[in-house]
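Subject: Structure handover

Hello,

Here is the structure I promised you. Please open it alongside this email, and my notes follow below.

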Amino acid sequence: MLEQIDIANVLFLDIETVSVTHTYAELSEDFQHLWKAKSTSLFKTETDATEEELNETYRDRAAIYAEFGKIMCISVGVVYRDKDDKRLRVRLKSFAGHDEAQLLKDFSELMAQHYPSPGKHFICGHNIKEFDIPYICRRMVVHQMPFPNLLDLEGKKPWETLHLLDTMEMWKFGDRKNYTSLKVLAALLNFPSPKDDIDGSQVGRVYWDENDVERISFYCEKDVLATIQLFLRYRRAPILEEDQVTHIR
């Protein structure tokens, strides 16, 4: 199937998420109770956990959950063939910042303008079906936003969502228990690792303590690039070289 897809019709993406507030103490009283209940059931903390313990679980885990976290970066990659030398090239761009509603709006407008048709266009990411897509959709509901066509998934049958390409699922080959990271596949399939600066566990610290949105955006774009390289490896095609990659700023 991959060989039949025009890569120019694929939007590659990755998201970075952080806790919705810096600390547990900054949550509203209602959400403090809700996080305490979640922390107790999921992370095996005591029902009388100290605020310090709750703050620790919140700091380390809240970003994973769309109910307690937010998206601070959506990075996308667009692959095209150069008209002159016929080589593939990729443009990487991020929608990033503190205003989640605005970055979701900008991303949605990109989708509506350039990727409107599930019959023609595709979204591709690593573990996209389990994390990125559900998270984006849930946060769009929080902000009461309409879904772009490719994300309007309610009631869809599996054969109606073939436009969602998950590079981790491709590696499973039917093994539902398997999880393999981009970093491992980069090493195995010999393309540059995306984890040469920070990793996902450090995003919250870089966001809240250093306020370095640009650094996180660049890291997220490298994840998108690694996904593209993996996609090309699956097609047994040459990977992209440095001069074929452009980060749009």
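A residue is called buried here if its relative accessible area is under 20%. By that cut-off T21 is buried, because its relative accessibility is 16%. Please keep in mind that this is a predicted model.

**T21 and its surroundings**

T21 sits in a loop. That loop runs between β1 (10–19) and α1 (29–42). What does T21 touch, leaving aside neighbours within four places in sequence? The contacts are E26, L27, Y58 and W208.

Two polar links of the T21 side chain can be picked out. One goes to the side chain of Y58, a polar contact at 2.8 Å. So Y58 is listed both as a contact of T21 and as a polar partner of its side chain, by the cut-off of 3.5 Å between N or O atoms. The other goes to the backbone oxygen of T23, at 2.9 Å.

V90 is another matter. T21 and V90 are 69 residues apart in sequence. In space, their C-alpha atoms are 34 Å apart.

**Strand β1**

How many of its 10 residues are buried? The count is 10 of the 10, so β1 is largely enclosed by the rest of the structure.

β1 pairs with two strands, listed here in turn:

- β2 (residues 69–81) runs antiparallel to β1, with nine bridges joining them. D14 has S75 as its bridge partner in β2.
- β4 (residues 122–125) runs parallel to β1, with three bridges joining them. L11 stands opposite I123 in β4.

For your reading of the strands: in a regular strand, side chains alternate between the two faces of the sheet.

**Q229 in helix α8**

Q229 lies in α8, which covers residues 213–234. Is Q229 buried or exposed? Q229 counts as buried, because its relative accessibility is 3%. Setting aside residues up to four places away in sequence, Q229 touches F191, P192, I239 and L240.

M1, W159 and L162 make a nonpolar surface patch. Its area is about 390 Å². L162 is in the loop between α4 (128–142) and β5 (164–166).

**Where to look**

Start with T21 and its polar contact to Y58. Then follow β1 across to β2 and β4. Finish with Q229 in α8 and the patch made by M1, W159 and L162.

Best wishes

Note on methods: Residues are numbered from 1 along each chain as its sequence is written. This is a predicted model: local features need pLDDT of at least 70, side-chain atom pairs count only at pLDDT 80 or more; totals for chains, interfaces and linings use all residues. Side-chain values use heavy atoms; hydrogens and water are left out. Helices (H or I, at least four residues) and strands (E, at least two) are DSSP runs, numbered from the N terminus. Buried means under 20% relative accessible area, exposed over 50%, partly exposed in between (1.4 Å probe, protein chains only). Contact means heavy atoms within 4.5 Å. A polar contact is a pair of N or O atoms within 3.5 Å; within protein, one must be able to donate a hydrogen and the other to accept it, and residues adjacent in sequence count only if both atoms are side-chain atoms. Patches are made of residues with over 30% relative accessible area and no salt bridge: like charges are joined within 9 Å, nonpolar side chains (Val, Leu, Ile, Met, Phe, Trp, Tyr) within 5 Å. Accessible areas come from the Shrake-Rupley method with a 1.4 Å probe; for residues, only the protein chains shown count as cover. A salt bridge is a side-chain nitrogen of Lys or Arg within 4 Å of a carboxyl oxygen of Asp or Glu. Two strands pair if DSSP finds at least two bridges between them.
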